[in-house]
Amino acid sequence: MMEVVLTVTAVILSLAAAGAIVRIAIGPSLLDRVLASDVLLAIIGATLCIDMAVNRHLNNLMLLVALSIIGFIGSVTVARFVADRREHPNES
Amino acid sequence: MNPEPSAVDTIIDTVSAVFMVVGAVMSLGAAIGLLRFPDLMSRMHAATKPQVLGLFLLLASVGLQLRTWWVWPVLFVAWIFQVLTVPVSAHMVGRAGYRTKHLHRELLTTDELEAVVQKAADKKTADRPDSGRQDPDKRAAHDDGPADDGAPA
Amino acid sequence: MSRRRISIRQELPLLVWLVFVWCALWQDFSPGNLLFGALIAVVVARLFYLPPVELGGRFSIVRAVPFAIVFLGKVVAASFQVLYLAVARGPKVTNAVVAVQLRSHSDLMVTATGHVISLIPGSLVVEVDRSTSTLYIHGLNVRSGEDIVSLRKEVRDAEAALIRIMGTREELAALKQEVGA
């Protein structure tokens, strides 16, 4: 059964990753691209989870946490950067 | 792995298989939302919520597959970090998006923040298509159609 | 260390959380590891001194557990709602930015409410006004005035639930008075 699940999830996640990559490519603004790359990171995290579940190990767990932290720091930093470049940096 | 009755094993396997597929579908939902929603803010909804549920389901399936109790705290910690960070990054992106006007005003039924920003507390902002918050005059509806202010790149 | 000291009781939730993370990462909840984790937690909390989180001084576990379950259910509902909207409505979805005035003025409560409503169906915090503790919420699929009213009610309900869990006594009393009135 696990092989079937692996195939199904692989197909679904590939489609999802393709969608996110398309949004990164066409995304009209920088923030759209950041958002889409965040989703792409989440999809990669999902593949790591599925690998752990199917092969019954925990080796990827720290990678997963690191990945979500990278996504967090990355999008927050870019959001600050965009906000500061686009308007007069005179608030907060 | 612990020697367990095969019936229980099958049930656990089935549940975790369902969790994995649904979690993967959540990622797909996020991607579909990214592609189909019209502006940055609604795309943000698509990017945040399915991510949290998807990770929850996938971590749960990892825990079910490993069948040892001591992995659950680690998985819980990993999920809590996700829950704590995702709304913050979504808020930061959304705030930057609002301020840099990556917003399709014709898609908003009401915008109460704009009224505050303009210092013009017009209570009847519902169904009024605004052309932009930089525009201080409040004459009436500007009939300039769906202005494409979402593509400044 | 010019800042005012906080009592160990106020620091206790942080210490418990740090010990839990430590043991979870080692995947070892033996007494020795718990003790060592507690030692490290105290040292870290003393050396890397952050502004203390102003807790309300009470925490109702009786209310927290049902809230957590309802919250999880709402996260599930939110995900499926976004999925449905993405597939069914797609580019035609309409939104709104709604201002919601919160009852509480503590930073912790505003932050917690913001987190919770960011994860429940169709709402996302765009902007926070700390001075008046007003949240500006972007609602997905808001089509009419009724949707705005229900969105606002949902946010206020989430805040009420959080106040019942860990608000200060004054906030709780105010909430009870408001519900009773």
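The legends below describe close-up views of a predicted model.

**View 1. Nonpolar cores of the predicted model.** The largest nonpolar core has 94 residues. Those with the most contacts inside this core are A:Cys49, A:Leu61, B:Met20, B:Leu59, B:Val62 and C:Ile117. Helix α3 (residues 71-99) of chain B gives the most to this core, with 13 residues. Another core, of seven residues, lies apart from it and includes B:Phe37, C:Ala86, C:Val93 and C:Leu140.

**View 2. Surroundings of C:Ile117.** Neighbours within four places in sequence are left aside here. C:Ile117 is then in contact with C:Ser123, C:Leu124, C:Val125, C:Leu135, C:Ile137, C:Val155 and C:Ala158.

**View 3. Pairing of strands β1 and β3 in chain C.** Strand β1 (residues 95-101) pairs with strand β3 (residues 134-140) in the antiparallel sense, over seven bridges. C:Val100 has C:Leu135 of β3(C) as its bridge partner. Six of the seven residues of β1(C) are buried, so the strand is mostly covered.

**View 4. Salt bridge between A:Arg56 and B:Asp13.** The closest N and O atoms of this pair are 3.8 Å apart. The pair crosses between chains: A:Arg56 is in the loop between α2 (30-55) and α3 (61-86) of chain A, and B:Asp13 is in helix α1 (residues 6-36) of chain B. A:Arg56 counts as partly exposed because its relative accessibility is 28%, whereas B:Asp13 is buried at 19%. Both residues belong to a network of salt bridges that also links B:Asp9 and B:Arg67.

**View 5. Salt bridge between B:Arg95 and C:Glu127.** Here the closest N and O atoms are 3.1 Å apart. This pair crosses between chains, from helix α3 of chain B to strand β2 (residues 123-129) of chain C. B:Arg95 is buried, with a relative accessible area of 13%, and C:Glu127 is buried with a value of 13%.

**View 6. Salt bridge between C:Glu159 and C:Arg103.** The closest N and O atoms are 3.2 Å apart. C:Glu159 lies in helix α5 (residues 145-166) and C:Arg103 in the loop between β1 and α4 (107-119), so the pair ties together parts of chain C that are 56 residues apart in sequence. C:Glu159 counts as buried at 0% relative accessibility, while C:Arg103 counts as partly exposed at 23%. Over all chains, the structure has seven salt bridges.

**View 7. Nonpolar surface patch on chain C.** C:Phe36, C:Leu39, C:Val43, C:Val44, C:Leu47 and C:Phe48 form this patch, with about 610 Å² of accessible area together. C:Phe48 is in the loop between α2 (31-47) and α3 (61-88) of chain C. C:Phe48 counts as exposed because its relative accessibility is 61%.

How values were computed. Residues numbered from 1 in each chain as written. Chains lettered and ligands numbered in written order. Predicted model: local features only at pLDDT ≥ 70, side-chain atom pairs only at ≥ 80, totals over all residues. Heavy atoms only, no water. Patch = residues over 30% accessible without salt bridge, like charges linked within 9 Å, V, L, I, M, F, W, Y side chains within 5 Å. Areas by Shrake-Rupley, 256 points an atom, 1.4 Å probe, with all protein chains shown as cover. Salt bridge = Lys/Arg side-chain N within 4 Å of Asp/Glu carboxyl O. Helix = DSSP H or I, 4+ residues; strand = E, 2+ residues; numbered from the N terminus. Buried < 20%, exposed > 50% of the residue type's maximum accessible area, 1.4 Å probe, protein only. Core = buried A, V, L, I, M, F, W, Y, C linked by side-chain atoms within 4.5 Å. Contact = heavy atoms within 4.5 Å. Pairing = 2+ DSSP bridges.
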